[in-house]
Amino acid sequence: MMGLFWCAVMAMAVALAFAHPQQPPTRHQDDVTYPGSVTVFTVPAAFPTSVFSSYYVKPGPTNQPQPVLYDPVLNITFPFNLTDPKHVPDSNNDPIIFPQPIANISDATGEAIASAAVSEISRIFKSNNTGGSNTCSKCIAALAVGQMVARLAPTHFPSSMVSLCHSLKFSTYSSCELTYGHNGSGASWAQILANADVAGLDGKYICSYLHKNSCEYPTVTSVKAVFPKPKPEKPAEPRRSGKKVNVLHLSDLHLDPRYSVGSEANCTSYMCCRYSESPANGTVPEISVSAPLFGYYKCDSPFYLALAALQSIGPLTGTSAKNPPAFSLYTGDLIAHDNEVEASRAYVEATEVAIWEVFKAYIGGPIYTALGNHDTTPADYESPHAIDNNSTLGSQFSWNYAHVSALWAHYNWLPSSVAHQASTHYAAYAVSPPHHPNLKVITLNSDLYYQHNPFALLNATNPDYSGMFSFLITELQAAEDAGQRVWIVAHIPTGWDGGSALPNSADYFYQIVERYSPHVIANIFFGHSHEDQVTIYYRNNGTAQAKEEALVTGWVGPSLTPLQNLNSGYRMYEVDTGSWEVMEAYTFYSDVGSYTNLPSSVEGEGDGGQGGGPVFELEYSTRATYGPAVNWPSDAPLNATFWHGVTEAMEQNRTLAELFTQYQGKSSGKSKKCETEECAKAKICYMRSGSTALGKQCKQGYGSVQ
C-alpha cells in the first residue's frame, strides 16, 4: 500500500424561458430596479491601452498585449521573457527546499539508502506478506520506507519518487519528472513525508491522495472546537439601517498572460490557447478551433477578456472608480493553470501586479482578497507554520504573503497594521471597511484545509494545525464583544458535494459558524468552483435541515475565467449597512461562445472605438428570479431562510432546479443540464450541505456543470 503512495507520491416567468435552455431566460420583471444605466453593455473592441504605461508588445487583432509591469513593492520591472507566449519555460530558478536530514551522511550513502528503499517498496507491492494483503496496508508500509529516505537522504527523495513512478506505472511516463522531480514537487513531498504520521490518519490521507484506489478516503473524525465564551442565550438581533451600499464580488480570473491568439483552443491536453511549435517536418498543424481574441471555453482569461469584464462593471452596476462600491471582494485564484515548471515566484508576482493594477483603475475602493489554491507555486501547496515552528519549512511561502500584503497596503486597501497581520499569517486578515466600523471582513487562506494541498494532510487529527481557525475564532469573538457584524471571505467552499475541503476541517469550520451565527456572521463568500452556487448552514451541524434552523448563507461567486465550458461572470450585492444582510444580488455574464464570431480585426487600437467587443449583460436578479417561488417579502433579506425556501420550492418544482443549474454555468450552452429527478434531489442536497461530511451523503455526480 505504501507502494501506491510511492507511485503517486512519489416569478416563474423565467421558467418559461427554459424551453430554450441554451439561451438566457427572457426577463420582463417590470417591478425590478436594475443597478446600472443599462442591462446590456457591448464592450469596445479596442483594448484600453492607457491602463498600462508601456508595452513590450502592444495589443492587436492577432495578439494579446504584453505590458511592461513595474512592481512597486519589489522595485523591479518584470522581463518580457517571463510571459512571452512563444517561449514558455520548462524550469525555474525558485529555491528548492528540503527538510533537514536527521543524520549527517555522505551523498553516496544517501543514494544507497534511496536505491534500497525503491527496491523494498517494489517488493512490498509485489508481495502478499506485508502484514496485510490489501492495497491500503501496502501503501502504509511503503510510506514508512519512503519516510526513511525523506528523513535521512531528502535530496535523493525526488529521484526515488520518479523511479517508482516509472517502474510501478503509477503515473504516465511523461508526467513523472514533472510531478515528482526536483523541478516539480519532489522536495515538497520530502518535507511532507518526513513530518507525517504515516502509521496514523496522515498516512491514510496521503495514500488516498496519491492513489484513490489505495486507502479509502477517511470519513470525518469530529474534533470539538473550543470557544472563549459560550454562545449568548438571547443575542441581540442585528437591526437594519434601511441604507444600502453596493459590494462587488469577483472571483477566479485566472489571467493567462501567455494566451496565444489563433492557437488551438479546443486542445485535448492542458493548457489550451497556448502557442505550439510547428512539427520538424514543416507541416502546419490543423487547428480545430482558433483561439479568439477574447477567450474560449477551454482556456483561462486573456488580457482582452479581463479588461472587457472590468469595462462592463461601471455601466452594468452603476459603480466606477470615481463612484466606487463600498468595497469589493475577490475570492481567489488570480493565476493561470500553469504546471509546476511553467510557473515561478516571479510569474505569480507579476500576475498579482497586473491584475491589481487594472482592478485599481476600473473598480475603485478597497478590494478584499482571499488567496486561492492557484495563488502560489507550486499550485495548491501551502505549508502550516507549525511544521517546524515557522522556521525554514513553515515560512517557505512567506515570500508571497509579504508581497500581496505590501501591495494591498500600497493600493490603500489595507491599513499598514492589517497588512502586517496578513504578511505574518498566511495572507489572512481582519479589517473594517472605511466608514463602516460595524462590519468586520475576515479573510482566510483556505488552502490550509484544501483536500489537494498535501501539506494540509499533516497532523490530520488536528483540524487547526495551521492556526487558521484559532485566528478566525479570535476575530469572531472580538466582533461579538464589540457588537460587530462579520463577513467571512475564503476561496475553498466547505461543503456542496464534499469534493474540496478536508472532512475534519469542514466540520470544525461548521462548528465555528454555528457558534457565531446568525447574530455575528452575516454572510460567507467563496470562489473556487468557477460556478454560481449557494450553500446553507444550519444549527446542530446540519442534522436538522429546516427553515427554522437555517443560520447563514455561503455565496459561491461565479468565475471570470470561462474554464471550463462556462461563461464569464461576476456579481454585485445590495447590502443593508445596519445588519449587513444581502438585500439583492445581481449576476452578470458574457456569452463566451459568441467570441468566435466577433470581428477578426480591431480598428483604432487604444482608448477609442465603439462596439465590436464582447457583450456583458445582466443574467438574473436573485430576488426577482427566486422570490416569487417562495412568496418572499420585498423588504426581507436574501438570507439562509430565503435560500432554504428556494430548496423547498425546488422540491415541488423541478423546473426551478433546472434554472438554478443553468445559472450555475452562467447560462453556458456547453454546461450540463439538470433534467432528471435524481439530479434535482442531488442539487438540493448540495445546497443544504455546508460541510464535506454532509456533501458526501448526497448523490454524487451532479455537483459540477463543467
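In helix α17, the residues L656, A657, E658, L659, F660, T661, Q662, Y663 and Q664 are buried (under 20% relative accessible area, with exposed meaning over 50% and partly exposed in between, for a 1.4 Å probe and protein chains only). Helices (H or I, at least four residues) and strands (E, at least two) are DSSP runs, numbered from the N terminus. The model is predicted, so local features need pLDDT of at least 70 and side-chain atom pairs count only at pLDDT 80 or more, while totals for chains, interfaces and linings use all residues. Residues are numbered from 1 along each chain as its sequence is written, and side-chain values use heavy atoms, with hydrogens and water left out.

Helix α17 spans residues 654–664 and is largely enclosed by the rest of the structure, because nine of its eleven residues are buried. Its N-terminal end is capped by N653, through a side-chain oxygen 3.0 Å from the backbone nitrogen of T655. Just after the helix, K666 adopts a positive phi of about 55 degrees.

With a relative accessibility of 32%, V73 counts as partly exposed.

Aromatic rings also meet charged groups. The charged end of R258 sits over the ring of Y347, 4.0 Å from its centre, and that of R515 sits over the ring of F227, at 6.0 Å. Such a placement requires NZ of Lys or CZ of Arg within 6 Å of the ring centre and within 35 degrees of the ring normal.

Methods. Polar contact = N/O pair within 3.5 Å; in protein donor to acceptor, adjacent residues only side chain to side chain.
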